[in-house]
Amino acid sequence: MKTENIRNIVLVGHGDAGKTSLAEACLHMAGVTKRLGNISDGTTVLDYTEDEKEKQHSLETAVCAVEHDDCHINLIDTPGLPDFCGQAIPALAAADTAVVVVSAVTGIEVNTRKMFERARQFGLSVMFVINKIDADGVNLEELVGQIQESFGDVCLPVNLPKPDLTGVQRVIGGAGATSFGDLESAKTAAVEAICVVNDELMEQYLAGDADEDVVIQSAMKAVAVGELVPIIFTSAKNEIGIDEFMDAMVNWTPSPLEAKRRVLVNEDEETEIDPAGDKLVGQVFRVASDYKSNIKYSYIRIFGGTIRSDHQIHTLAEKKGLRPGAVYRMVGGEHQELDEGVAGDIVALAKLDLHIGNAVFDGEGGTIELPKIPTPMFAVAIESKVRGDEDKISAAFRRFSEEDPCFQVERNPTTHETVVHGVGDAHVRMYLAKLTKNFKVEVDTHPPKIPYRETILGQATDVSYTHKKQSGGSGQFGRVIINVFANERGAGYEFVDKIFGGAIDQSYRPSVDKGVRQQMAVGVLAGYPVVDVKVELIDGKTHPVDSKDIAFQIAGRGAFKEGFMKSKPILLEPVVNLEVTAPVDNLGDLQGDIASRRGQPVGQEMLPGQMAVLKAQVPLAEVSDYHSRLSSITGGQGSYMMEFSHYDQVPSNVQQRIVDESHKPAEHD
Ligand code: GDP
């Protein structure tokens, strides 16, 4: 297989637009499958897991390949719901072109916009597919207008549906009537966009003798540099426009040779990876374990060189090298063994310790950029229902977070809770259901405690504390005098030894520091960790016999507690950036709701199609139930994204309530 004949396409867009159906239609049309896979029957190649068949939604990224016109097209089908972006975003790393699938019925949706932006930011070429053209009451012309308004007038139809929607007409080289717009003016627009990247062609075009074949040959470049974003039309369900879709991928989207070059970063050195180079460089963009066989597959995009089963590959963590054993081509959940993986292709390797984002190489090593993955902000605290299941749970969670970078688990040392982080409610629930189903363990869940922090606004000087214990056995003695200051937000903790002379033995001064740190870790005001303070040790006293490490630790703790409480202690709370997309009609209610959650509006933006985006900053403590509230305000039409922004001071009335609650005896349920 030649690199120039490969196309790597990631199908992105909102859930239900028809990405999986489109890939299934290509598989059918290209003869890979005998019959068209159907989502409602659970007979698709790509939504192959039990959960996906049950939910009738893609929950995971799946890869397949079709051959068309001597080209090998790798299709990466990603889950469309914003909650599952942890699988969709890394898939961009494997592709050269993002095909943004838009449903003609629902038009531009939250994830249409998000994934378009992410693909563009990452330097991918983009093509739009307007799917479901067969559905009743769709207005294709209006949708094309909205796409141009939202994503720029470089978005141009390169085919147009026939009036009876039984097929599509090519804009360049086609003839006949269309369901909207005329072919001639669509052709002019597309040709002019293409000529921008070829001066000679532009001159010929202006002189009226541009050769159509040359125009088509230049199209790939126009798409690669973003001067043209082709729009095509399909009905995946009725297999209309599918052949033309495959033609468009072959003729209009860049091969790995023309696409954006990835960069290998090694310390300060950046090297563009040459797809024609002979050293292997690839990147892992997905790992997935087969739940039945328990075999882990790592999916790799090869940017240069070749992967062979008997050749060692290296990662930064695996200097010794790994031996692949076999190289596979994945088609949904099935795999076929290959002799080798060539530059530009996508392959899978089994049973290797590889992680999403890892660069693999056989020459000079380094790292390769991965698209930015949002910090998951939805959190649930979990407890195992049965004692003794903890090990099974952590093994399962380790696997989930390996497969999905937006699924994270932490043991909070302050609150002693095991907290699961995900993008949203549906995301976390899906993994908890998997836990029960595939690992046979059940957990209880409750909202996690908010990870507040404690700090001070003021200062306290000459705070003294003496620890003395002289009853029975050997005694303990330590006296310290400290100053406590507020440090700049984010500056952390600083300990300064300002003792002149030997008031405290040199050997005991680190004990004071240690004591302060211990107290900071468990908090003073309400049991949350203390941040951003500076402590100066200015004086103290040592006892010739009774002074010891532990005595000065205790004195350090005591002095810090006292000094902290005298320095205007405050609580800090995490604040998130909230971005809500909802119908314009709901804006008033949404703004009111955000204000009642102590939120600060940041801005709003109108979108085509009576939709709007509302941006605000809201304390995390106020948004734990946002999911259900938004859904009730908008009748299920709204969606939101949340990401961590910063820590901010808790208002004093709220602070009082948190402090009071922290002093209540712990409740056990
Ligand atoms: P995805 O979430 O983007 O992968 O979308 P799916 O491929 O799962 O399709 C979502 C739903 O739309 C399914 O019920 C499909 O049967 C339906 N669908 C897909 N393509 C078409 C189409 O061209 N026309 C119509 N009318 N329905 C379609």
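User: How many disulfides does a search of the whole structure find?

Analyst: Keep in mind that this is a predicted model. A disulfide needs two cysteine sulfur atoms within 2.5 Å. Searching the whole structure, the disulfide count comes to zero.

User: What about C195: which cysteine has the nearest sulfur, and how far away is that sulfur?

Analyst: C195 isn't in a disulfide either. Its nearest cysteine sulfur is that of C155, at 18 Å.

User: Is C195 buried or exposed?

Analyst: Buried means under 20% relative accessible area. C71, at 4%, counts as buried. C195 has a relative accessible area of 1%, so C195 is buried.

User: Moving to the open sheet of four strands, which strands stand at its edges?

Analyst: The strand order is 26-27-29-28, with mixed pairing.

User: How many bridges join strand 26 to strand 27?

Analyst: Strand 27 covers residues 476-486, and the two strands run antiparallel. Across this pair, Y465 stands opposite V480 of strand 27. The number of bridges joining strand 26 to strand 27 is nine.

User: Which helix lies across strand 26, strand 27 and strand 29, and at about what angle does that helix run to strand 27?

Analyst: Strand 29 spans 533-541, and the helix lying across these three strands is made of residues 549-565. That's helix 13, running to strand 27 at about 35°.

Definitions and conventions: Residues numbered from 1 in each chain as written. Predicted model: local features only at pLDDT ≥ 70, side-chain atom pairs only at ≥ 80, totals over all residues. Heavy atoms only, no water. Buried < 20%, exposed > 50% of the residue type's maximum accessible area, 1.4 Å probe, protein only. Pairing = 2+ DSSP bridges. Contact = heavy atoms within 4.5 Å. Axes fitted to C-alpha atoms, helices over the stretch in contact; angles between N-to-C directions.
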